[in-house]
Amino acid sequence: MAEDRCAEKEIRKMISRNFTLDNYGIFLGTLFMLIGLISFIYALATIRQKGHRLEYYLVLTLIVVSGVAAALSKNLLFIYVCWEVAAFAVWRAVGFYRRGGDLQNAMTVFIMNFTATVLMLVGILILYVRNATVVIDELSAMDTTAIVLIVLGIMVKSVILPLHTWLVPAYRAIPSAIGGCLAGVTENLGVVLFLRLFTSTALMPPDAAMFISWLAIISSIIGGGAALFATNLRELLAYSTISQVGFILLGFAVGGKYGAIGGLLFIVAHALAKSGLFYGVGMIEDVTGKDDLRNIGCLVRLSPTLAISMALLFGSIVGFFPLIGFFAKLYVVFAAVEKTAYLGVAAIVSAAFTVLYNSRFSQELFFNPKMCELVPRLKRPSTTGTVLVFVLALISIMLGIFFYQPIAFLMGGSLP
Amino acid sequence: VNEVSYIILLPAIAGLFAYLIRRLRSEFNFIGFVLTLFVSFKLFLLTRTQVISYSIATVPPFNFRFYLDSLAGFIVLFNAIFAFLIWTYALRSMSKAEGENMYHLYLALTLSAANGVVVSGNFVLLFIFWNVLVFSLYGILLIGKTDSSFAAYKALKIIGISDYVMLLGIAIIFVTTGHTDFPVDPRLPLDQPWSIVAYILIMVGAMAKAGSMPLHTWIPEASKVVPASTMAYMPGSLDKLLGIYVLIRTSFFVFDITHSIAIRLVLMIIGSVTIIGAVMMAMVQKEAMRLLSFHAVSQVGYMLLGIGTGIPVGIAGGLFHMINNALYKSSLFLSMGSVEYRTKTTQLDKLGGLGVKMPFTLVAFTIAALAISGIPPLNGFFSKWMIYQAIIDLSGEIPIWPVFLVAAMFGSVLTLASFLKLLHSVFLGAMPQKLGRVREARFEMVVPSLILSMLCVVFGIFAWQVPLARLIKPALPFAITETGAWFPLLATGLIIIGIVIGLIIFLFGTAFRGRRDRVFVGGEIMDNEEARITGPDFYSSVHTMEILEKSYQFGEEGTFDFYNYLTGIMHGFAVLFKKIVDRGFELFYLSLAKIVRNFGKMISSLHTGELYLYLSWILIGFIVILLLLGFAGVN
């Protein structure tokens with residue numbers, strides 16, 4: 001009886017303190033909810049699929065809820081559950097259209113994500129054995145094996161090289177509204193856990209943090225390079241995500257207050273930009289029926305508002321003022337140089353690739369003169385969708401102009 | 001103190017209103033530009049006697065503050081003057097052009113950001129405004145005469161990447177000193193690896209903006225497709241002001257390059273190569289805007305050369321040349337824009353004899369052309385004269401000083417040669433029949449170029465009294481001592497006497513004894529159009545010189561274009577990353593999947609459903625367990 005009570009107490013302890021309302025959590029939770037809301041509106045306005053609508057919205061809801069819950073939690077077990085839910089939702093989303101290739105892609109995505117969560121679970125169990133708790137704030141000792149397993153899980157979830165390969169097939173197949181959520185919410189789960197578990201607690205040995213910093217920036221550079229060579233719109237977005245999430249992880253891995261703030265601002269910049277770009281690409285595909293970058297162009301004549309909004313979102317990813325991406329990049333670069341100047345150089349190389357692939361993307365997408373003759377024959381993109389992309393661009397600008405507010409809010413975050 | 005914010009906010013707000021309320025566009029823009037000019041002038045006067053410095057916000061770890069000393073004061077004033085004059089010009093030249101509304105907005109935003117750069121007292125704040133300039137440059141370049149997206153794309157890539165290089169330099173300063181404020185007292189010596197690296201990185205950003213070699217190629221590219229007012233505004237004036245301003249700030253208010261011979265040598269070598277390389281390219285151009293754009297690059301070389309000397313007179317000469325260049329270069333672009341406005345072409349072989357039809361444009365252009373060529377008593381001569389003096393003063397310190405002196409002087413001679421060709425091709429010689437009906441450009445277009453050219457005269461003749469005494473000397477943190485002697489007023493008097501004597505000889509000599517006749521070749525009478533001597537091939541012999549022919553060929557093919565190498569290398573890496581690294585990982589996982597599948601198949605093949613086989617497995621398993629237990633020593 002006493003043993004049963006003890007076990008019950010332990011289990012209660014494990015599932016206690018599921019939510020923590022600190023500044024980081026509120027910040028990320030609000031962001032994920034915003035992305036979710038915009039994705040819902042976009043889906044309502046653009047979805048043309050006759051069947052499986054319930055599944056569509058269920059998947060979208062699961063992605064958003066799992067993201068928000070993971071952002072607000074410091075309980076590793078609860079975060080694991082969120083990851084599992086997200087993995088399930090992404091699997092359903094990628095296979096949503098039920099085409100042969102999509103189902104194959106969905107399986108790839110599921111296996112990779114499931115492996116990540118299993119690795120993470122083993123890591124959590126090791127931590128539990130060492131610390132008798134799964135609540136991040138109560139951890140006092142780390143374990144090398146646990147670090148390796150959890151970091152591997154994070155790398156899969158947040159598409160860090162070499163465990164990034166599921167993202168391209170996922171992006172190719174996913175419906176654009178859910179794609180926006182995948183880019184804006186789910187891919188951040190890994191780096192958010194890194195922030196919570198390692199950056200905020202400073203429990204990771206410095207050498208390991210340095211190793212992960214290099215891994216992150218190399219991933220970012222290689223992702224950026226691959227994006228420069230990509231010809232398919234969705235493929236380009238996927239490699240761009242690999243590159244940008246690498247930059248976010250760099251911020252968290254180099255750590256310190258400025259690294260963390262840079263990373264968090266980058267999550268915002270990237271989530272707003274990439275979800276907006278996903279919607280934009282979705283609308284372009286709807287209008288033209290094509291997804292090859294070389295077959296689409298002249299968007300600036302087809303829909304100037306959409307073109308300008310997308311250009312602004314590109315600008316945010318590149319890091320142009322007055323978009324929020326500017327401050328994100330600034331803080332990450334400063335934090336990286338503070339660690340070592342070489343990391344700073346690598347960060348600049350990654351930023352250079354970002355400039356190149358984004359300018360190429362804009363150039364091809366907006367100004368390809370060969371495609372301008374097609375414009376009169378095409379219908380206009382969805383007005384609601386265009387407005388939503390514009391809203392995302394506007395939010396990016398407002399956050400960039402009033403940058404002091406988010407930074408001041410994050411300064412009161414949870415760092416040791 | 002609030003005036004400092006006004007010069008940033010006024011043009012941007014007025015520009016936005018003008019953009020939104022199209023009916024009142026000119027009114028809003030006029031109010032914005034004029035008020036900015038007025039406030040800038042007030043600030044200029046204020047900074048004569050005091051330094052304005054105050055904090056505007058602290059966003060950890062940065063302390064954003066404005067800082068206006070006499071250097072910033074006079075640059076702010078010139079920003080406003082150029083913006084106002086070029087806006088006036090564009091009012092007519094861009095009238096009814098595609099993207100006109102957006103164009104005016106970009107002009108206003110550019111002025112705001114340019115003022116922001118100059119009034120910043122902190123590198124991070126400076127970088128914010130610097131970044132806005134990339135955005136506005138890209139936008140304004142997109143509004144072209146024809147499809148200008150490639151030029152804009154190229155500028156975005158060069159300036160965008162060099163900005164990140166600059167950011168790295170700023171980050172290094174921050175990490176090492178704990179702040180990014182300037183001026184720094186005492187100045188940081190360039191004797192540590194970190195300080196040298198930081199200085200070079202910031203220098204790259206400044207040089208890309210100013211358009212120095214090897215980061216200049218976006219300027220000639222843009223010149224082919226963007227309107228003259230864009231060329232006059234961005235690469236012609238504002239970009240030079242800002243690039244050289246940042247270079248001077250960094251070189252003499254943050255770091256101290258005077259004791260670093262290596263850095264100074266680098267600056268002077270880049271300066272000399274820029275002067276000669278760009279002017280050689282300019283000489284053989286057959287299109288006026290492109291020709292002018294190479295001169296816009298070449299002139300940066302003089303500024304770098306002056307600053308690189310590290311001697312007060314040279315630095316002052318560099319700074320003076322920056323202002324002079326902005327004056328005559330803008331005037332030249334605007335004048336040529338006026339010609340294009342009327343003739344619809346800038347191809348030199350299609351122009352000629354326009355001096356009669358466009359006399360005011362001719363006057364403005366000629367003065368500016370002589371000024372850029374360094375003809376006394378105009379301003380270009382004076383600033384070059386100061387730079388020459390500084391180079392000669394280096395004789396005890398740098399043995400190769402004659403190389404720099406020859407480069408500077410030879411560059412000046414070639415500039416003159418190049419502008420003689422341009423003058424002849426456009427304004428002198430015989431006029432093509434097609435241009436018979438050409439008239440002088442509109443009043444709003446002629447006046448700005450005339451004002452700029454008149455300033456070239458004033459800044460030359462009254463060099464001591466006006467620019468040097470009131471602008472340059474107060475702006476620099478050291479005393480300027482002249483070693484040579486040049487009296488512009490006396491020289492002007494003598495030159496005027498010389499010209500008068502020449503005129504008298506001309507009038508009493510051959511002026512009225514000319515003979516008009518028909519031109520014939522080999523007995524065949526040629527019509528006037530055919531007999532016209534056009535200018536484009538003036539220096540084709542230079543182009544075909546054995547020693548230079550290959551260099552020109554390489555230059556035209558883009559062999560010296562650093563941009564091609566940079567993008568080529570990055571594209572090479574992109575292919576490597578995509579085709580080898582990414583594909584490699586994919587193949588690795590596919591192989592792994594194959595192994596798992598084959599293993600599964602193997603296991604599957606063992607499950608035949610036959611009872612005896614399963615019993616065999618159980619038996620084998622039992623034996624294996626027994627053996628293991630035996631090896632483990634279990635009794």
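Q: Is I504(B) buried, partly exposed or exposed, and how is that read?
A: Burial is read from relative accessible area (buried under 20%, exposed over 50%, partly exposed in between; 1.4 Å probe, protein chains only). I504(B), at 44% relative accessibility, counts as partly exposed. The model is predicted: local features need pLDDT of at least 70, side-chain atom pairs count only at pLDDT 80 or more, and totals for chains, interfaces and linings use all residues. Residues are numbered from 1 along each chain as its sequence is written, chains are lettered from A and ligands numbered from 1 in the order in which they are written, and side-chain values use heavy atoms, without hydrogens and water.

Q: In which helix does I504(B) lie?
A: Helices are DSSP runs (H or I, at least four residues), numbered from the N terminus. I504(B) belongs to helix 18 of chain B, residues 488-508.

Q: How is the aromatic pair of F327(A) and F403(A) described?
A: Rings of Phe, Tyr and Trp (its six-membered ring) pair with centres within 6.5 Å; planes under 30 degrees apart are stacked, over 60 edge-to-face, the rest tilted. Over all chains there are 47 aromatic pairs. F327(A) and F403(A) are stacked, at 4.0 Å centre to centre and 20° between the planes. F327(A) lies in helix 15 (residues 324-339) of chain A and F403(A) in the loop between helix 17 (383-401) and helix 18 (404-411), so the pair ties together parts 76 residues apart in sequence.

Q: Are F327(A) and F403(A) buried or exposed?
A: F327(A) is buried at 1% relative accessibility, and F403(A) is buried at 12%. Both belong to one aromatic cluster, whose members include Y258(A), F334(A), F62(B) and F174(B).

Key: Helix = DSSP H or I, 4+ residues; strand = E, 2+ residues; numbered from the N terminus.
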